[in-house]
Amino acid sequence: MDVVSDRSKPQVKEYMTRDVVTVAPDSTVSDVATRIAESDEHSGFPVCERRRVEGFISARDLLLADDDDPIFKVMATDLLVAHPDMKVTDAARVILRSGIQKLPVVDDAGNLVGIISNADVIRSQIERATPEKVGKLMRTLEQIHEIELEQERRTVPLADLTPTQGRVYADELEGRRYELEHGLAEPLVVIDNNGTLLLADGHHRVLAADRLDIDEMDAYVIVIDQEVELGMANTAAKEELEQIDDIDVVDYARHPLVQTTKRLQSTK
């Protein structure tokens, strides 16, 4: 089982489901197939001996098995799991890259403590406190430049945005695309510096929207009536960022948050 752990927040333990339905290794294929057929929520189950995760069984694993076969003969044993302290964004990348729907969550001893699904990951993302982000940014700008600012909520054309971040990550881009397709994306954060629209937060969402042929997006806009020299604008100029096409998409393998995985050996 490959486990990735990170102590930063938000963490998997904050969003995982703790009451997990499991099956025993000596359950039969017939019994588990019946449970899946009768369930509206489950297409597979963690396989546990007491609370220790031994494998995972999905409907696909049952297709060619005999009804009387024990689950331990057909279950997947080389599975991906999450740790309770794993960063939710890292769990999201695992889910998106692997195409699985749920990750069992295990502690350091390999005991099952929960399960996190793609729906839990989406919930964690759309609960991000964007208004607080905007308020903090506004206060910072007011203190640095000794000015008073206003905040608006409006739709902004993507073609008018100047990016302030030179790169985004490919699999996080897929996550934002999923949110957009399901109407779950949060607004952008934009600074209107006397007519120049600087994208302060939401580069992955903007690029995902552009790939979906979306021309404009909802945004929290911090309005500066008289142009001031902003550090993020200087950064954009140095990196020659003028439009969203100038943003580079970087493969996940180069993401700085990728952690070294460790192997947990299952024992019977």
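## Exercise 1: A residue in helix H8

Ala208 touches Leu173, Arg176, Arg177 and Leu180, leaving aside residues up to four places away in sequence; contact here means heavy atoms within 4.5 Å. Before going on, note that this is a predicted model, in which local features need pLDDT of at least 70 and side-chain atom pairs count only at pLDDT 80 or more, while totals for chains, interfaces and linings use all residues. Residues are numbered from 1 along each chain as its sequence is written, and side-chain values use heavy atoms, with hydrogens and water left out.

**Solution.** 
- Step 1. Helices (H or I, at least four residues) and strands (E, at least two) are DSSP runs, numbered from the N terminus.
- Step 2. Apply the cut-offs: buried means under 20% relative accessible area, exposed over 50%, and partly exposed in between (1.4 Å probe, protein chains only).
- Step 3. Widen the view: His203, His204, Arg205, Val206, Leu207, Ala208 and Ala209 are buried in H8. Because seven of the nine residues of H8 are buried, the helix is largely enclosed by the rest of the structure.
- Step 4. Look past the end: H8 is followed by Asp213, which has a positive phi near 60°.

## Exercise 2: The nonpolar cores

**Task.** Find out which residues have the most contacts inside the largest nonpolar core.

**Solution.** 
- Step 1. Read off the members: the largest core has 20 residues, and Val156, Leu158, Leu161, Leu188, Val190, Val206 and Met217 have the most contacts inside it.
- Step 2. Name the contributors: helix H7 (170-181), strand E10 (188-193), strand E11 (196-201), helix H8 (203-211) and strand E12 (216-224) give two or more residues each to this core.
- Step 3. Find the other core: apart from the largest one lies a core of 14 residues, including Met16, Val94, Val105 and Ile116.
- Step 4. Recall the background: in soluble globular proteins, nonpolar side chains tend to be buried together.
- Step 5. Zoom in on one member: among the residues that Val156 touches, not counting those up to four places away in sequence, are Leu161, Leu188, Val190 and Met217.

## Exercise 3: The largest pocket

**Task.** Describe what lines the largest pocket.

**Solution.** 
- Step 1. State the volume: it is about 740 Å³, where a volume is the space filled by probe spheres set on the points, and grid points are joined across faces, edges and corners.
- Step 2. Find the centre: of the 30 lining residues, Ser43, Phe56, Ile100, Gln101 and Lys102 are the closest to it.
- Step 3. Sort by class: the lining has 13 nonpolar, nine polar and eight charged residues. Ala, Val, Leu, Ile, Met, Phe, Trp, Tyr, Cys and Pro count as nonpolar, Asp, Glu, Lys and Arg as charged, and the others, Gly among them, as polar.

## Exercise 4: Two loop residues

**Task.** Say where Glu146 and Asn194 lie.

**Solution.** 
- Step 1. Glu146 is found in the loop between H6 and strand E7 (150-157), and its phi is near 55°, a positive value in a residue other than glycine. Glu146 counts as exposed because its relative accessibility is 74%.
- Step 2. Asn194 lies in the loop between E10 and E11, with a positive phi near 55°. Its relative accessible area is 45%, so Asn194 is partly exposed.

Definitions and conventions
Core = buried A, V, L, I, M, F, W, Y, C linked by side-chain atoms within 4.5 Å. 1 Å grid on protein atoms, 1.4 Å probe; cavity = no way out; pocket = protein on both sides within 12 Å on 5 of 7 lines; lining within 4 Å.
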